[in-house]
Amino acid sequence: MKIKSAEFVLSAAEVSACPRSSLPEFAFIGRSNVGKSSLINLLTGRHDLARTSATPGKTVLMNFFKVNGEWLLVDLPGYGFAKVSRTQRAEFGETTADYLEERESLACVFVLIDSRIEPQKIDLRFIQWLDEIDVAFALVFTKTDKQTAGHTQRAVNAFLAAVQPFCEEPPPYFLTSTKTGAGRGEILSAIGKLSAAN
Ligand code: GTP
Ligand code: MG
């Protein structure tokens, strides 16, 4: 897929404020600092579309972007801040939880995972919950330039083994680096296929 245009649409703090649009939607989420904003900029080829920062937790709203006039890209708030949560869904943020449960045009959630670290409980809980609420997702292992391909593959294998107990089939995954551009073509091509199917 060639990116012809990518524009900011709006920021929303709740589902009722999301764009009224039936375009297929692709959301990006992960723990803070995993590289969401950087990846969104890489995918769209716009270096300042989603703000990147070295300070975790900058993104507190759901940010919507329209790409090629054909699909929406959503930068969801990072999870992993709540120290105590009364319910499973509250751990990922009520806004995010409502969005994931209610948004009808949501085609796929890309869950970003830092490729350098062992499987984190919160990521595993999030994926288990996505599976329970029946939302389609793919994994994106970020920052692969920071280590050897062998280390990345071992991390991927460890993660797939950790989700195996609750995922019927191994989830699709992508390996990315915003430094080398790795994974960009593969993710855009997957979005293109899913958009055409929606
Ligand atoms: P919040 O919105 O703050 O939760 O963070 P985020 O997930 O949007 O992460 P962001 O894109 O701001 O990146 C966090 C840090 O990781 C920044 O310093 C980025 O430059 C760095 N980073 C992101 N992706 C990569 C990558 O693929 N390779 C390397 N080497 N650094 C990366
Ligand atoms: Mg961000």
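Predicted model: local features only at pLDDT ≥ 70, side-chain atom pairs only at ≥ 80, totals over all residues.
Thr 152 sits in helix α4, which covers residues 149-163. Its side chain makes a polar contact with the side chain of Gln 147, at 2.9 Å. If you set aside the neighbours within four places in sequence, Thr 152 is in contact with Ser 115, Thr 144, Gln 147 and Leu 175.

Leu 175 is a handy way into the sheet. Leu 175 belongs to β7, where it is the bridge partner of Phe 141. The strands involved here are β6, residues 137-142, and β7, and they pair in the parallel sense over three bridges.

Now step back to the whole sheet. It's an open one with seven strands, in the order β1-β3-β4-β2-β5-β6-β7, and the pairing is mixed. β1 (6-12) and β7 (173-175) stand at the edges with a single partner strand each, so each has one side left without a neighbour in the sheet. Going from one strand to the next, the twist averages 25°.

Then come the helices that meet these strands. Helix α1, residues 36-44, packs on the sheet and touches β1, β2 (25-30), β3 (62-67), β4 (71-75), β5 (106-114) and β6. The direction of α1 makes about 145° with that of β2. Helix α5, residues 184-197, lies across β2, β4, β5, β6 and β7, and α5 runs at about 140° to β2.

How values were computed
Residues numbered from 1 in each chain as written. Chains lettered and ligands numbered in written order. Heavy atoms only, no water. Pairing = 2+ DSSP bridges. Helix = DSSP H or I, 4+ residues; strand = E, 2+ residues; numbered from the N terminus. Axes fitted to C-alpha atoms, helices over the stretch in contact; angles between N-to-C directions. Contact = heavy atoms within 4.5 Å. Polar contact = N/O pair within 3.5 Å; in protein donor to acceptor, adjacent residues only side chain to side chain.
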